Amino acid sequence: MVSLRSARSRKWDRRGIVLAVLLAVFAGSLGRAEETEIRWFKDLAEASAAAQKANQPMMIDFWANWCGPCKVMDAEVYNVPELVSSFGEKMVGVRIHFDLQPEMVRKYNVPALPYLVFTDSLGTELMHHRGLIEAEDLTAVVKAFPADISEINRLDRILQEDKNHFASLRKMGQKLRAIGFYESSNGYYGRALKQNEAKKDSNVREGLLYEMALNSIELMDGKTAATHLEKCLKDFPKSERRTDMLLNLGRAYALDEKKDKAKKSFTSVISDFPQSPAAAQARELLKTL
Amino acid sequence: MALMVMATAGALRAQESVLSELKAQFNKDKGALRLVVLVSPTCPECVGGAGWIQDYVLKRYPNLPIKVYAIWYEMYPGDSPDDFPAAQKLMPDRRVTHWWDQKKTVGRWFHNVVPTNVKGEIQWDAYYLYGENATWTEQQPASLLTWGRTILKDRKKLTDKVAELAGPPTVPVIELRAPSSGQQ
């Protein structure tokens, strides 16, 4: 009896498994069918609640019926399958009508349409874009976000309590730098630099300034990068990063079209640290000038 | 009063000369690609088109030898010269020259002389891309490489042509902006 019951049980188990697989396939196909367009919330508070639950970022799309480029976004961007798929996995979307929610327009300082704001789950702006953005670029932005932004949310909560919390400002700068939001990262690093913790600790100050310079190079802003690196080399002459600082100073000058200064920096790296990996890079970079 | 009259007369003379200034600048810049952009300063499509040229042509090809001539004039309800300063900020690239064309002479000229698909008498929300050897004589400049209207509708034609001439963009990704420090 026991074995018979077991056999029946196994038979039903198998049927159950087959049924479960079929249901899963059916549900999966339904899920895919639903993902032909982006799901938009119309209310920021509701969107934020959903985003916090999933630890996902939000994208706020400010739009209006009279906005021609917004219609182009609808017709040629928001329906691109790769974007829809990435968006569904990574992001919570909110559409705010420019004319109907003026308090939101003021809050996010919206100057014109279309205007996209990327925020953490709490609605704190990380980056924005004004104007039409093509689907491939928007997809790249969406993909750059980590699947889980709980750490960014945690830091933001601390900063909402204490906007000058040094460790959170620095960590937020690091997190945003890691996902390629260099300008925003520099905003947090800049605030961290003003805190007493940075003023008292030269190692910390050096690290912040150096990363700000690297961010500026990523942003192709050679002038700002050079300013930070010149300060680093002057204030921290015995830094372990000196070789890299000189190499990147050369890069910064090159971006700023100051070829003579760039050559001088690269030459210093080669003559002062001839065996270093930086020297090899400097030799290659010299050839490009 | 006399000063005001003189100033007004000077302004009018300047307005009448936008077409000739454009023509002179166009010929002076021979050797570079030249892009004429005809736009209203508040029409959302025009403003969007101008911003798109800044993002997808100028920012992505920071070293491309191209000169952009942005001619702004009143075409949309509410347009006025007061909108000109803000409009110029849409294309802040050093390769762009902006004009305010009160009499719409450039739009009228392009409508009459160069290909158009717009009804009425004035071309607008349009671009015309000319090759590096183009010269503007009494006739239209030769060597029109491509044109489009509206700018946004025909935007891919422009980037395809630029990519054909200059290769893939040197700045591959679009730059997002950080919030101002007060907001962060």
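What share of the contacts in chain B with a separation of 6 or more comes from residues 24 or more positions apart? The share is 72%. The model behind this report is predicted.

## Chain B overall

Chain B holds 6 helices and 5 strands. Read from the N terminus, its elements follow the order α-α-β-α-β-α-β-α-β-β-α. The chain has 184 residues, and 38% of them are buried.

## The sheet of chain B

Five strands build an open sheet in chain B. Their order is E3-E2-E1-E4-E5, and the pairing is mixed. Strand E3 (96-100) and strand E5 (144-149) of chain B form the edges, each pairing on one side only. Neighbouring strands are turned against each other by 15° on average, direction ignored.

One pairing can be followed in detail. Strand E1 (residues 33-39) and strand E4 (residues 126-130) of chain B run antiparallel to each other, joined over 5 bridges. Within this pairing, Leu35(B) has Leu129(B) of E4(B) as its bridge partner. Helix H2 (residues 18-28) of chain B packs on the sheet. This helix touches E1, strand E2 (66-72) and E3 of chain B. The direction of H2(B) makes about 165° with that of E3(B).

## Chain A overall

Chain A has 15 helices and 5 strands. Of its 289 residues, 39% are buried. Residues 24 or more positions apart supply 62% of the chain A contacts that have a separation of 6 or more.

## Helix H13 of chain A

Helix H13 of chain A spans residues 242-255, which is 14 residues. From its first C-alpha to its last it reaches 20 Å. That is close to the 20 Å expected at 1.5 Å a residue.

How many of the 14 residues of H13(A) are buried? The count is 12, so the helix is mostly covered. The buried stretch includes Asp244(A), Asn248(A) and Arg251(A), along with Met245(A), Leu246(A), Leu247(A) and Leu249(A). Gly250(A), Ala252(A), Tyr253(A), Ala254(A) and Leu255(A) are buried in this helix too.

Which helices are among the cover of these buried residues? Helix H11 (202-218), helix H12 (222-235), helix H14 (259-272) and helix H15 (277-288) of chain A are included. Just after H13(A), Glu257(A) adopts a positive phi of about 60°.

## Asp74 of chain A

Asp74(A) sits in helix H3 of chain A. Is this residue buried or partly exposed? Asp74(A) is partly exposed, because 15 other C-beta atoms lie within 10 Å; a buried residue would need 20 or more.

Glu161(A) is 87 residues away from Asp74(A) along the chain. The C-alpha atoms of the two are separated by 38 Å.

## Where the chains meet

The contact between the chains draws 23 residues from chain A and 17 residues from chain B. On the chain A side, the elements giving two or more residues are helix H3 (68-76), strand E5 (125-130), helix H6 (135-144) and helix H9 (182-193). E5(A) gives the most, with 5 residues.

What is the make-up of the side of chain A that touches chain B? Its residues divide into 12 nonpolar, 7 polar and 4 charged.

Conventions: Residues are numbered from 1 along each chain as its sequence is written. Chains are lettered from A and ligands numbered from 1 in the order in which they are written. This is a predicted model: local features need pLDDT of at least 70, side-chain atom pairs count only at pLDDT 80 or more; totals for chains, interfaces and linings use all residues. Two residues are in contact if their C-beta atoms, placed from the backbone, lie within 7 Å. Helices (H or I, at least four residues) and strands (E, at least two) are DSSP runs, numbered from the N terminus. Ala, Val, Leu, Ile, Met, Phe, Trp, Tyr, Cys and Pro count as nonpolar, Asp, Glu, Lys and Arg as charged, and the others, Gly among them, as polar. The expected span of a helix is 1.5 Å times one less than its number of residues. Two strands pair if DSSP finds at least two bridges between them. Axes are lines fitted to C-alpha atoms, for helices over the stretch in contact, and angles run from 0 to 180 degrees between N-to-C directions.
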